[in-house]
Each structure stands twice: as structure tokens, then as C-alpha cells.
Amino acid sequence: MGTDTGLDWSAWGGFTQAVEMCNNNGACRKFDTAVMCPSYRATRDEQHLTRGRANSLRLALTGQLGPEALTSKEMYDTMALCVGCKGCKRECPTGVDMARMKTEFLHQYHKVHALSAKERLIAYLPRYAPIASRVAPLLNLRNRVPGLSRLSERLLGISARRPLPKWRTDFFDPRREVAPPAGPDTGHDVVLFVDTFNMYFEPENAHAAIAVLSSAGYRVHLAQAPDNQRPLCCGRTFLSAGLINEARTEARRLAQAIRPFAERGVAIVGLEPSCLFTLRDELAVLLSRDEAGNIAEHALLLEEFLAREQERGRLRLTLRPIAAKRVLLHGHCHQKAFGAMGAVQRALRMIPELQLSVIESGCCGMAGAFGYDAEHFDISMKMGELALLPAIRASDPDTLIVADGTSCRQQVRDGTGRPAVHVARVLQSALAKP
């Protein structure tokens, strides 16, 4: 059974060959790791295991489950609990990337089945966010007016047990933001890519990153659309719904804006791991080589950039002790999958007198919009309870919780009542001259 794929699978010899990379070795069944296949660790069900999903895809692609198997509701249910953590990409001996396969599956599925209202609402968030932010007080009523959360669950399937992220009227708009002059001149430029989530829900993270980079002497450029229209987006929300063509449109706009900087060797710095690693991982299968250029080589999380500059002896960042003396760090799934956890630890250790501990946990359970789904709420919380949430509850109340992922911070808040902050804000609080 062949299929007209949406992503470029030529590096694997085709989508079917990529699925065949699973050789049933069973490494995804192991429990001595905090990362591999969090849905299986929570359910213990082979269907919700990397190997189980790969085998189902293999049988569907080869026609052994019938001509319509690939776009069937049964296959949808098989793929539903994949949270896109990319743990399999890192830990599977053959490097199976089930997150990318799920995107391809959803692309095929939605050729036959229309998106639900909930899927459309999540996928198109970057498109309507500029409008939604202007009516933020009205949209934020959902969390405050009794009955509205139940109504949203009944109409959209969004769990009434979750408060939604708070829309901000003071959102971060690159078109009107002006980065402050750099501190001690290092002669280096950097481009800051502010994603949709930090732009419209937590703009303080973007401001903190600008303050840190400027204090370190870097000339900060803000990634802006060439047409000066709506803000840039990496396409991640569209990929999560299998809308590959829409994701490609967004990726192309972003690439056009930042490729000239990458060609000059300027670092492209991001804040949200899932968005930044889209540039490192998915850009090459969304765009042509000419369109993507060398962006992936220069795309770095804020902490990766700072750690790299420190290693090269170029970082001129003076930090002082902060009020908190202990930090508990939770890593986003993609930080773990792409080996970025060491960088965030090095960045935090730049702050004097700070004691750092890392939570040995897998996926927090929120996984983008996964945990907002009414059908997934319980399994989402079960994933969080495997390690992350108990570790935070057991920590001293004065301990600072750090998590770079937007959804991770939301899960921590919902599951423990404790706030978690982005590393950029921690570093900003330690600036010698705030």
C-alpha cells in the first residue's frame, strides 16, 4: 500500500522504509529510563508503545490490515497517545522517530477525516493569536466564570479540569519592540526568535532573554516577517495536527526571515524547545535544501548559546547571587532528546551560590495540547505523577522550579500549585545591573 507523503522521507528511502527501521528489539519497553515512551510507561499497553505503533503502521502500509487501514479510526486510536516526545529518536537503537511518523499519519488521516473543532483551534493558534490577544479579557473569562469550562469541554473536548493559558494584552510584538543597546561590546550579533507561546502568553520570557543577551554584549535582532505582517511561526502547531502544507507555509516565512542571518554565521536563538528544535529537526523535511539553507546549524536555545559562548571564551556576562539558593530543573522532552540538558545546567551554574538539582523525569504529561484534551487528562496526570510532580511536592517550598517548556510549566502549576519559570527569567534576576 503506497502513500503520497507530506514530509520528505527520501533520506530513509520512503515512509515505509522509515517505519521498517523498527526491528522489534523491544528497547522501548524498558523502565530503567525516565524518557523512553512515556505513554507506555503509564499504560503498560503494547498498543501505546513505539514498537506497537510501528508494527501497526507497517501492517497498514503493506495492506495487511485492509486498503483503508492507514486512515482508519483504529489507527488513529493507536497513534493517539504518542506525545511527540522524541524519546524514541534518541533512545531506540535504530533511531525510530515515531513523533515524525505520527505527523505523517495525521496528514494522511485528515485527507479523509475533517479536523475536529478542537484540532483546528489548536493548529491555527498562530494565525488567530494576533486577533485573540486584542480581546484577551473576554477569552480569559473561560477560567473565571462558573460553567464556561464545562461548556468548553462539552463543545470542544477541552478538559474542564484545566485552566487555559492566560491571553495577554501586553503581548510581545517584534514589530514594535526595540532591543536595548548592547552592554560591553563583543562585536557579535544574535537573532532572537520569539515563538507564539512566549509571545502571547508569557512575554516576560522574551524580555528577559533580550535583557540577558544585551547585558552580555550582544546586538539583539528580533526575527520579523519580511512582509511586516503577522508574527513568524515555526509551524509546530500545524505539524501536531498533521497539517503539513500549513506548517510548510509557516516554515518558509520563518526561513526567509532568518536565513540571511544564518548565512552570515549569526546564531538564531529560541526560547521554546519544541519550536527551536523544529528548526533543527523538521525544517529539512519541510523545505528544500535551498530554502532551509544552514539555519539548522545555527539554531540554538538561549542556554545552548550562552554555554557555547562561555566555552569559546566570548561570554561577558556578570551575574550575582539571587534570592533563591536551590533550583530544581525539569527538562523538556526535546531538550533531552537533542542532548541540550547539559547546556541549561551550565547556564544555571553561572549564577553564584546556586545549588542545582535535576529531576530525573520523562515527559511531564502535558505535551503541548495533549493534556488539555478531556479524554487525555487522566493519562496526562499519570505521566506527570511518574516522577515530576512527586519530586516537586517533596522539594522545599523555597526551591525555585525551572522548566523551559511552556506546557511543562503549565503541568507543574496544575499538578502541584507551584510556579515554574523559564531559565531566561532566572538569569535576568541574576544580572549584576538589572
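In strand β3 (residues 267-270), A267 and V269 point one way and I268 and G270 the other, and all are buried (buried means under 20% relative accessible area, exposed over 50% and partly exposed in between, with a 1.4 Å probe and protein chains only). Strands (E, at least two residues) and helices (H or I, at least four) are DSSP runs numbered from the N terminus. The model is predicted, and local features need pLDDT of at least 70, side-chain atom pairs count only at pLDDT 80 or more, and totals for chains, interfaces and linings use all residues. Residues are numbered from 1 along each chain as its sequence is written, and side-chain values use heavy atoms, with hydrogens and water left out.

Strand β1 (residues 188-193) runs parallel to β3 and is joined to it by four bridges; two strands pair if DSSP finds at least two bridges between them. F193 stands opposite G270 in β3. Strand β4 (residues 299-301) also runs parallel to β3, through three bridges, and here G270 stands opposite L301.

A parallel open sheet is formed by four strands in the order β6-β5-β7-β8. Because β6 (355-358) and β8 (420-421) stand at its edges with a single partner strand each, one side of each is left without a neighbour in the sheet. Two bridges pair β7 (residues 400-403) with β8 in the parallel sense, and V402 stands opposite V421 in β8.

Helix α15 (residues 273-286) is mostly covered, with 12 of its 14 residues buried. Among the buried residues are P273, F277, D281 and L286. The helix bends by about 45° at R280, the bend being the angle between axes fitted to the seven residues ending there and the seven starting there.
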